[in-house]
Amino acid sequence: TGPSGTVRSGAAEWGGFEDNMQGGGSAVIDMENMDDTSGSSFEDMGEMHQRMKEEEEDDGEAGGADEEDGEFLGVKGLRGQLGRQVADQVWQVGKRQASKAFSLYANIDILRPYFDVEPVQVRARLLESMIPVKMINFPQKIAGELYGPLMLVFTLVAILLHGMKTSDTIIREGTLMGTAIGTCFGYWLGVSSFIYFLAYLCNAQITMVQMLSLLGYGLFGHCITLFVTYNIHFHSLFYIFWLVLGGLSTLRMVAVLVSRTVGHTQRLILCGTLAALHMLFLLYLHFAYHKVVEGILDTLEGPNMPPFQRVARDIPAVPNAVLNTTAKAVALTL
Amino acid sequence: FAGLADVSISEDIPVEGEISVPVGSHSPDEDYSTLDEPVKDTIMRDLKAVGKKFVHVMYPKKSSALLRDWDLWGPLVLCVSLALMLQGGSADSKEDGGPQFAEVFVIIWFGAVVITLNSKLLGGTISFFQSLCVLGYCVLPLTVAMLVCRLVLLAGSGTVSFIVRLIVVMAMFGWSTLASTAFLADSQPPNRKALVVYPIFLFYFVISWMILTFTPQ
C-alpha cells in the first residue's frame, strides 16, 4: 500500500484534477486547467513541470522527513512509476516477440525429418554412394537425409586430425582442430552451395538438402582413401585409390546430376565442375596434410618459411645430422 | 445483504473438517531454509553429489541417479583439468602446435552439444542438460588416462612408453564409450542405438587422440 498511498497523495498535491472534479456536475471542461499533457505544447509542459517543482519545494520545506519522503516518491514516484510501467511493458512485449521468434527458428523439430533414418538405410546408402547408376534417362531418387553426411564430415575431420598429427604439421596462424573442421565443413557446405547455384543456372532438378546429402555421401570414398593412405605411405597406392574410390564416388554423383539435367552444355558444365572439385579436394587433402619426406627442402630453406608450411618429420632411421650434411654436400656439388 | 438471507446449504455437503493439510514430508520446508545452513554444508552436499556421480561413471550400472539429478560441476572440473593438462604440448615452444586451453574446452563442449542435438533429433527422450551431464562425466576415465600419460612421460618418451600410453588410452577410451552408452542408449528407440553410439565413439576418439599425441615440451 506504500506506493498507492503516495500516488494518492501525489495526485492530491497536483491539485488541478481535484479542482475540476469538485466543480459539480459541470459538463464544461475548463481547458486552462487541464492537466492532460498528451500532445500539449512545450509551454504547457514547461509550465506544469515548473508548477510541480514549486509544489515539491514548498512541501519539502514545510513537512517533516516522512512527508518529504512521501512527496519525493509522490511526484517523482508518479513519473518514475509511469516510466517503470512503460519499461515493463516494453520488456514484456520484447520478451514475447523474442520467445516467438525463438520457438519458430530455433526449434530443432525443423530438422527432425532429415534425421529420420535407420542404421540399415545409412549402411545401404553408404554402399550405394560408390556404385554409379546406369540409368540416366530419368531422374534418380536422392534421399534428403542429413545424418549420414554430417557423420561422414565429422569422420573426415577425425581422420584429417590423425593425418596432420602423424605428419607433425605445424600451423602457424590457427589451430589443428580449427583447420580440420574449417576445411571439411567449408568444403561440404561451400561446394554444395556452389553446385546448387550452378544447378539453378543450368536448370537442374535438385534441392539444397538433396545436394548436401549427395555431396556428403560422396565423401565416403574420401574417408576410406585417406584413412588407408595416411597409414600406409605409398604414393602409387594413393594414386590407385584416388582414381578408383574417388572416381567411383564422383561418377555416382555425376550420374545422378546428369539424370536430373537437360541439355548437353548444362550437363557438361555442372558435372565437369563437380568432378574437378571432388577429385582435386582428395588430392589436396592427401598432399597438404600428409607426411612428406622433405628433409632436403627443410634444411636448405631454413627458418624463413612462408606461413602454413608443412614441416617434415625427422625420418627415424636416419639421424638428422647425416641427412643435413648429405643435403649440403649435394647442394654444393650442384 | 437482504437478498442473502434465504440462501441455504444442503445438508449432505460437509462444512466441517480439518482445515490444515497434512504435510507428507518436510523436505520442501527444509529446502527453503538452506540459506541458514553453514557454507560448509552446502559445499559438502554438492561435492558428495559430484562424487557419487563419479562413482557411477567408474562402475556403470544402469541406475538413473546420474540422469535424475543432473549437474554440470563435474563436467566443468573435468574439462578444465583436462584442458590444463593438455596445454602447451607442442614440440616447439615458439609455434602453437599443441591444443590450447580454449581449443580443448570448445571441442569438448561443442562436441557434447552436437551429440545431444543429434540424439534428440533421432527421437531421444533425454533432456538437453541430462545428456550434457552424462557426456561430461564420462570424460573422467580419459582424464585419468591423461594423468597416467603425463606420469609415464616423466619417466621417458621412447617406444615402450608409447605402447604403454597407447594401451592405457585405448582402455580408457573404451570405458568412456561404454559408460556413456550405458546411460544414453536406453533413451533411444531400440533400433537406432547404433546411430547414437557412433558420434559418441567419434567424440571420445578425438579426445583420446589429443591425449595420446600429447608430447611435453
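At roughly what angle do the axes of helix H5 (residues 101–121) of chain B and helix H9 (residues 193–212) of chain B cross? In this predicted model, the two axes cross at roughly 175 degrees and come within 9 Å.

From H5(B) come Val104(B), Ile107(B), Ile108(B), Gly111(B), Ala112(B), Ile115(B), Asn118(B) and Ser119(B). They meet Leu195(B), Val196(B), Pro199(B), Ile200(B), Phe203(B), Ile207(B) and Met210(B) in H9(B). Sorted by class, this contact has 12 nonpolar residues, 3 polar residues and no charged ones.

An unreviewed UniProt entry places the feature "transmembrane region" at residues 70–89, 101–122, 134–156, 162–184 and 196–215 of chain B. In the model, residues 162–184 of chain B are 100% helix and 0% strand, with the end C-alpha atoms 32 Å apart. Residues 196–215 of chain B are 85% helix and 0% strand, and their end C-alpha atoms are also 32 Å apart.

Attention now turns to the nonpolar core. The largest such core has 110 residues, and Leu161(A) and Tyr204(B) have the most contacts inside it. Helix H6 (residues 147–166) of chain A supplies the largest share of this core, 13 residues. Beyond its neighbours within four places in sequence, Leu161(A) is in contact with Leu176(A), Met177(A) and Ala180(A), and also with Val206(B) and Trp209(B).

How values were computed: Residues are numbered from 1 along each chain as its sequence is written. Chains are lettered from A and ligands numbered from 1 in the order in which they are written. This is a predicted model: local features need pLDDT of at least 70, side-chain atom pairs count only at pLDDT 80 or more; totals for chains, interfaces and linings use all residues. Side-chain values use heavy atoms; hydrogens and water are left out. UniProt positions are given in the numbering used here, feature names are shortened, and annotations may be inferred rather than shown by experiment. Helices (H or I, at least four residues) and strands (E, at least two) are DSSP runs, numbered from the N terminus. Axes are lines fitted to C-alpha atoms, for helices over the stretch in contact, and angles run from 0 to 180 degrees between N-to-C directions. Contact means heavy atoms within 4.5 Å. Ala, Val, Leu, Ile, Met, Phe, Trp, Tyr, Cys and Pro count as nonpolar, Asp, Glu, Lys and Arg as charged, and the others, Gly among them, as polar. A nonpolar core is a set of buried Ala, Val, Leu, Ile, Met, Phe, Trp, Tyr and Cys residues joined through side-chain atoms within 4.5 Å. Buried means under 20% relative accessible area, exposed over 50%, partly exposed in between (1.4 Å probe, protein chains only).
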